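Work through the exercises below with the sequence and the model at hand. Each task is followed by a solution in steps.

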Amino acid sequence: MKVAVVGATGLVGTKMLQVLAERNFPVTELIPVASEKSVGKEITYKGKQFKVVSVDTAIGMKPDLALFSAGGSTSLRDAPRFAEVGTTVVDNSSAWRMDPTKKLVVPEVNADVLTAEDKIIANPNCSTIQMVVALKPLHDKYQIKRVVVSTYQSVTGTGVKAVDQLMDERKGIEGVKAYPYKIDLNVIPQIDVFLANGYTKEEMKMVLETKKIMGDDSIRVTATTVRIPVMGGHSESVNIEFAHDFDVEEVKALLAKAPGVIVTDDIANLKYPMPLDAHDKDEVFVGRIRRDETQPNTLNCWIVSDNLRKGAATNAVQIAEYLVAKHLIGEPAVA
């Protein structure tokens, strides 16, 4: 299978290559793609060197699959060009997520919506992915009415420039700035731009994407997204109101059985999920599971996941794995 990785030199693109290798995805020919200034550079995959090529060159090679992590404008321009030559695109940007003609997929939640006709598939926002993986088994059992989420998001979600800013500040060095404010020893209650309703784009992504992935517009979501000076993963404080009552131990058991979830909830031994523990892992970690004592049928929990892996690269590769397993790519579609 011919696989292109578009944005192969970026933080998420590099992680996609790592995840493809680790999971032994059936790559017979790798095509690393990046912007013109990176063309000709070499990247290493499974111990071999591969030259970075341009988008035009990659399209001419007609890959079976293209994993995109090169920003929204690149995706809007080039994903349809790949699709025209028969390539299935899994796109990590926000470009196609809310397009009603495109599927927005988290494999543990809604992979079954995919068909061979889906040539551009959207990978959701990192903070949405980890939340819905944990919400899905609870929604199936108790029916979610409302979610209140506050996020504590890693600087890696912004990119290399943000990581550099944090590290420069730690060393007292003046350098590039990804944020309008200092991030070390600070938190910034803004992720992405502000919209007319006073929410940020990131907050509204969580609201709208959750409804689309869960396939239920009746779920009400309100979010506050915050950037904090950590690396390793995003954390979320999530308050969930259900239509039906629950037993806390049953909730823990449901989550422990759910695909892609690890319950870390042992307060007697101070065990709960933290970004450092989630770093470089593919699972979604859930802890601090407890009843909200202020209103009926309501639960509090804490959700942590590596935003570059499950929040981006791993989810995209898992979508591709599902397509392969269901014979939706890599061979002629059966009529």
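Leaving aside neighbours within four places in sequence, with which residues is Ser75 in contact? Ser75 is in contact with Phe68, Pro80, Asp91, Ser93, Ala95 and Trp96, where contact means heavy atoms within 4.5 Å.

This is a predicted model, in which local features need pLDDT of at least 70 and side-chain atom pairs count only at pLDDT 80 or more, while totals for chains, interfaces and linings use all residues. Residues are numbered from 1 along each chain as its sequence is written, and side-chain values use heavy atoms, with hydrogens and water left out.

**Exercise 1. Describe the setting of Ser75.**

Step 1. Ser75 has a relative accessible area of 0%, so Ser75 is buried (under 20%; exposed is over 50%, partly exposed in between; 1.4 Å probe, protein chains only).

Step 2. The side chain of Ser75 makes a polar contact of 2.5 Å with that of Asp91. A polar contact is a pair of N or O atoms within 3.5 Å; within protein, one must be able to donate a hydrogen and the other to accept it, and residues adjacent in sequence count only if both atoms are side-chain atoms.

**Exercise 2. Characterise the lining of the second largest pocket.**

Step 1. A pocket is an open set of points on a 1 Å grid over the protein atoms alone, where a 1.4 Å probe fits, with protein on both sides within 12 Å along at least five of seven lines; lining residues have an atom within 4 Å of a point.

Step 2. The lining has 14 residues, and Ala34, Ser35, Val55, Thr74 and Arg77 lie nearest the centre of the pocket.

Step 3. Helix H3 (residues 72-84) gives the largest share of this lining, 3 residues.

Technical notes
Helices (H or I, at least four residues) and strands (E, at least two) are DSSP runs, numbered from the N terminus.
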